[in-house]
Amino acid sequence: MKIFYGVQGTGNGHITRAREMAKAFAEAGVEVTYLFSGREASRYFDMEVFNAYQVRKGLTFHTRNGDVSYLKTAIETHPIHFVRDIKTLDFSDYDLVLSDFEPVTAWAAQFRNKKVLGIGHQYAFNYPIPREGGDFIAEKVMKYFAPARQHIGLHWHHFGQPILPPIIAVHEPPEQSITNKIVVYLPFEDPQDVIRMLRPFREHDFFVYTPVRLVSPSEHIKIRPLSREGFQKDLTDCVGILSNAGFELVSEALQLGKKIMVKPLHSQMEQISNAAALKQLGYGRIMNELDSKALARWLENPHRTRVTYPNVAKILVRWILEGMPSIGDDFIEASWSKVNVFHFN
C-alpha cells in the first residue's frame, strides 16, 4: 500500500502527531510519502523519521504578540503559488491520500477528485464539542482550510461524539518530577514579555523554549533552542507546562501527568476552544493575557491530571490496512475504554 500524507507544519503539534503515525506505518511496512507546508524548509528539525519528505509553501497564519491577524494572513498569502503547488502534486501512484490539516494536499485531492482522509484535532470541530471564540471567518477557515471528504477527529475527551483520543507517544510518567521545574513554550508571544512575567518567580526554574535566539537573562530563566530531544527530556521531568493552547503539547503533558497552564492565541478559535475544553474537563488552568497574578496562583496550586491514552496511531494504521471500514459505536467505545483519568493534589 502506498500513501501520500500531507502535514501542516506551521506548529510543531501536527509534526509530533505525524511522527507517531510514521512509526506505526513503518512498523506495518506501509510506504508513505510525506509533504509538509507552512514554514520555511530550513526551520524544520528532527525530521529523520520522514525520510525524503517534500516541502511546499502552503498557507501560514500571521501571528504577532499572541494574536492572529486574518487581514495580515490574507495579505501575505500567495494564491498563484498555492494553486501552482496544488497542480504539481500527482497522486496517481498512491492508494490513499491523508491530510493532517495540510491545505496543499487536501486541495490537490479535491482538484483531482481523489478521496482524502483527514486525521487531526481540527476535524473534531465537525461535531458539537466545546467551542468558543468563533466568528464567520474562523468558521470558514476551519471548514475550508484543508477539507476532507472523510475525517477522523481527535480530542482529549469524546464529548459523546464519534471522535478518537489524541495521537501521542505512549510513555510512562517519571517516578519523580522536579518540583520547581516549569517548561515554557509560548512561541507566538514576544519572548521579552514572557521573560518579564517569569522574572519575579525566583523559587522556580523556567525552561523557556523559543525560536528566537536569546541569552538566558537570569539563573532561574533558562532559554533553550527548539529541539525535539531536549524538549522531551525537560517535559519528562518537569512538574508543569506553561504554553499556548495547542492540542498536541497539552495531550503529551496530560499523558505524563503534568500540571497545565495555557494562554490561547487571541482570535484563534481552535486554541480558545481548547482552553474552554481544558477548563470544562478540569485538566488545566487558563490565562487570557500574560498575567503574573494568574501565574502565581497556578504555581502555588499542586493540582494536576494524568490521562492514559492508548496507541491511537497503531489503531488507525490497522484500521486503514483493513480497508477503512465504517466506524461505528463499538470502534469508538473500544478506543475510549482504554483511557483512564487520575487527579492528583
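Phe-159 lies in the loop between β8 (150–153) and β9, where strands, like helices, are DSSP runs numbered from the N terminus (E, at least two residues, for strands; H or I, at least four, for helices). The model is a predicted one, in which local features need pLDDT of at least 70 and side-chain atom pairs count only at pLDDT 80 or more, while totals for chains, interfaces and linings use all residues. Residues are numbered from 1 along each chain as its sequence is written, and side-chain values use heavy atoms, with hydrogens and water left out.

Phe-159 counts as buried, at 15% relative accessibility; buried means under 20% relative accessible area, exposed means over 50%, and partly exposed is in between (1.4 Å probe, protein chains only). The phi of Phe-159 is near 50°, a positive value in a residue other than glycine. Most residues other than glycine have a negative phi. Asp-46, in the loop between β2 and β3, also has a positive phi near 50°, and at 31% relative accessibility Asp-46 counts as partly exposed. A positive phi, near 55°, is found too at Asn-113, which follows helix α4.

Helix α4 covers residues 103–111, and its buried residues are Pro-103, Val-104, Thr-105, Ala-106, Ala-108 and Ala-109. These buried residues pack against β1 (2–8), β2 (31–37), β3 (54–56), α3 (79–88), β6 (96–100) and β7 (116–120). At the start of α4, a side-chain oxygen of Glu-102 reaches to within 2.9 Å of the backbone nitrogen of Val-104.

Two packed helices are described by the angle between their axes and the distance between the axes. The axes of α1 and α8 come within 7 Å and cross at roughly 60°, the axes being lines fitted to C-alpha atoms, for helices over the stretch in contact, with angles that run from 0 to 180 degrees between N-to-C directions. The two helices α1 and α8 are therefore oblique to each other, since angles under 35 degrees count as roughly parallel, over 145 as roughly antiparallel, 65 to 115 as roughly perpendicular and the rest as oblique. Gly-13, Thr-16 and Arg-17 of α1 make the contact (heavy atoms within 4.5 Å) with Phe-247, Glu-248 and Glu-252 of α8.

Thr-16 of helix α1 is buried, with a relative accessible area of 6%. Leaving aside neighbours within four places in sequence, Thr-16 is in contact with Arg-228, Glu-248 and Glu-252. The side chains of Thr-16 and Arg-228 are joined by a polar contact of 3.4 Å, that is, a pair of N or O atoms within 3.5 Å, of which, within protein, one must be able to donate a hydrogen and the other to accept it, and residues adjacent in sequence count only if both atoms are side-chain atoms. Arg-228 is itself one of the buried residues of helix α7 (residues 228–237), and what covers the buried residues of α7 includes α1 and α8 (247–256).

Helix α1 (residues 12–27) also packs with helix α11 (residues 312–321), at an angle of about 50° and with their axes 9 Å apart. This contact is made by Glu-20, Met-21, Ala-24, Phe-25 and Glu-27 of α1 and by Ala-313, Lys-314, Leu-316, Val-317 and Ile-320 of α11.

Beyond α11, Met-324 has its place in the loop between α11 and α12 (329–336), and Met-324 is buried, with a relative accessible area of 14%. Met-324 and Leu-117 are 207 residues apart in sequence, yet 9.9 Å apart in space, C-alpha to C-alpha.
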